[in-house]
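Colleague: I have the file open and would like to go through it with you. Could we begin with the backbone and then turn to the ligand site?

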Amino acid sequence: MIDKNNIQDFENRFTSRTIKFSSVNAFPSIQVSNDFAQAEILLYGSHVLSFIPKGSRDVLWLSSKSKMTPGKAIRGGIPICWPWFGPLATPAHGIARILEWKLEDIYSEKDGSDTLMLSLDCSDSNGLRVQSKINVGAALSFSLSTENVGHEDYSLTSALHAYFSVSEIEKVQVKGLDKEPYFDKVANASGFNKGELCFHAETDAVFDQTQASVIIQDRDWKRSIRLEKSGSKSTVIWNPWIEKSKSMDDFPDQGYRNMICVEAANVGADARVLQPGEKHTLFARIVEE
Ligand code: BG6
């Protein structure tokens with residue numbers, strides 16, 4: 001965990017007008033503020049906590065009750081589910097979101113955006129090597145690259161589990177998943193979606209045959225957020241609604257009203273089997289329109 005010396009080390013290594021180092025509780029944090037946006041990224045989990053395009057409000061939602069404690073997942077921002085998604089093994093959603101990553105590099109691009117490169121040293125993780133590349137510009141771009149450096153095939157499931165901030169969940173529509181098949185984890189049944197998604201109940205849906213961009217349209221805030229992706233044929237949509245919110249100790253009872261998770265993923269039929277030497281990149285780009 002961080003102490004002043006680490007921050008000093010970072011400041012010496014990565015001098016930049018647009019980057020500041022700080023900490024959130026015990027977690028080292030990188031604050032980016034450039035001509036396009038502000039963002040905060042923790043080394044813990046390579047976790048994007050906030051992304052605020054210039055002149056706008058935060059695109060991401062962060063629970064006021066989130067634990068900021070080593071070993072606990074952060075509730076909000078963009079947790080990385082890796083190298084498994086959900087309860088396939090313990091801990092749920094994998095280890096990447098509860099370990100501290102290493103900052104490899106930060107640099108300014110010619111267009112004035114900033115790029116951060118992080119890696120996770122996890123020798124116990126099934127022979128996998130993982131790196132993240134986060135670019136903060138008018139859009140937030142996130143690449144998660146996994147390489148199998150081991151000797152066995154590995155079936156990778158993962159997600160960029162973005163929590164988007166919304167004015168009021170019942171005034172939000174998610175577009176781009178019309179006519180797509182999905183698995184409804186709440187009903188434990190398969191279905192076909194028709195039209196836009198609207199939210200009036202607990203939602204936990206895995207679309208595992210879609211490469212489409214998704215738009216989160218927010219009537220009250222008069223904003224649309226586009227999520228584009230590549231290396232992903234699955235998208236997960238999650239809102240815990242009333243009872244589940246109450247059952248989570250890191251989630252405000254009314255928190256479900258102001259968030260929606262839309263996750264670029266590799267889950268279900270979209271799990272990626274990596275043979276030794278193979279590499280896969282899951283990419284998402286989030287932009288306010
Ligand atoms: C979603 C899953 O991606 O994450 C849900 O589809 C799950 O089933 C949710 O409840 C939150 O997971 P966690 O482990 O962060 O509480």
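Modeller: Let me begin with Ser-46, which lies in the loop between β3 (37-42) and β4 (47-53). Please keep in mind throughout that this is a predicted model.

Colleague: What is phi of Ser-46 near?

Modeller: Phi of Ser-46 is near 45 degrees, which is a positive value in a residue other than glycine.

Colleague: Which peptide bond to Pro-83 is cis, and what is omega near?

Modeller: The bond in question runs from Trp-82 to Pro-83, and its omega is near -5 degrees. As for its place in the chain, Pro-83 is in the loop between β5 (80-81) and β6 (102-108).

Colleague: And which residue does a cis peptide bond join to Pro-91?

Modeller: That residue is Thr-90, and omega of the cis bond between Thr-90 and Pro-91 is about 0 degrees. Pro-91, too, is found in the loop between β5 and β6.

Colleague: On to the ligand. Where does the ligand sit?

Modeller: The ligand sits in the largest pocket, for which the computed volume is about 390 Å³. That pocket is lined by 22 residues, and the closest to its centre are Arg-75, His-93, His-161, Trp-238 and Lys-244.

Colleague: How many residues of each class does that lining have?

Modeller: By class, the lining of the largest pocket has nine nonpolar, three polar and ten charged residues.

Colleague: Which residues surround the ligand itself?

Modeller: The ligand is surrounded by Arg-75, Phe-85, His-93, Arg-97, His-161, Lys-185, Asp-204, Val-236, Trp-238, Lys-244 and Glu-263. This shell divides into three nonpolar, two polar and six charged residues.

Colleague: I'd like some distances. How far is the ligand oxygen from the side chain of His-161?

Modeller: An N or O atom in the side chain of His-161 is 2.8 Å from an oxygen atom of the ligand. For His-93, a polar side-chain atom lies 3.1 Å from an oxygen atom of the ligand, and for Lys-244 the distance from a polar side-chain atom to a ligand oxygen is 3.1 Å.

Colleague: How much of the ligand's area does the protein bury?

Modeller: Taken alone, the ligand exposes 400 Å², and the protein buries 84% of that.

Colleague: Changing topic to cavities: how many are there of 30 Å³ or more?

Modeller: The count comes to one cavity of 30 Å³ or more, and the volume of the largest cavity is about 50 Å³.

Colleague: Which residues line the largest cavity?

Modeller: The lining is formed by Ile-78, Phe-142, Leu-160, Ala-162, Leu-227, Val-262, Ala-264, Ala-284 and Ile-286. The elements that give two or more residues to this lining are β20 (259-266) and β22 (279-288).

Colleague: And how do those lining residues divide by class?

Modeller: The lining of the largest cavity has nine nonpolar residues, with no polar and no charged ones.

Key
Residues are numbered from 1 along each chain as its sequence is written. This is a predicted model: local features need pLDDT of at least 70, side-chain atom pairs count only at pLDDT 80 or more; totals for chains, interfaces and linings use all residues. Side-chain values use heavy atoms; hydrogens and water are left out. On a 1 Å grid over the protein atoms alone, a cavity is a set of points where a 1.4 Å probe fits but cannot get out, and a pocket is an open set with protein on both sides within 12 Å along at least five of seven lines; lining residues have an atom within 4 Å of a point. Grid points are joined across faces, edges and corners, and a volume is the space filled by probe spheres set on the points. Helices (H or I, at least four residues) and strands (E, at least two) are DSSP runs, numbered from the N terminus. Ala, Val, Leu, Ile, Met, Phe, Trp, Tyr, Cys and Pro count as nonpolar, Asp, Glu, Lys and Arg as charged, and the others, Gly among them, as polar. A residue is near a molecule or strand if one of its heavy atoms lies within 4 Å of it. A polar contact is a pair of N or O atoms within 3.5 Å; within protein, one must be able to donate a hydrogen and the other to accept it, and residues adjacent in sequence count only if both atoms are side-chain atoms. Accessible areas come from the Shrake-Rupley method with a 1.4 Å probe; for residues, only the protein chains shown count as cover. A molecule sits in a cavity or pocket if more than half of its atoms lie within 2 Å of its grid points.
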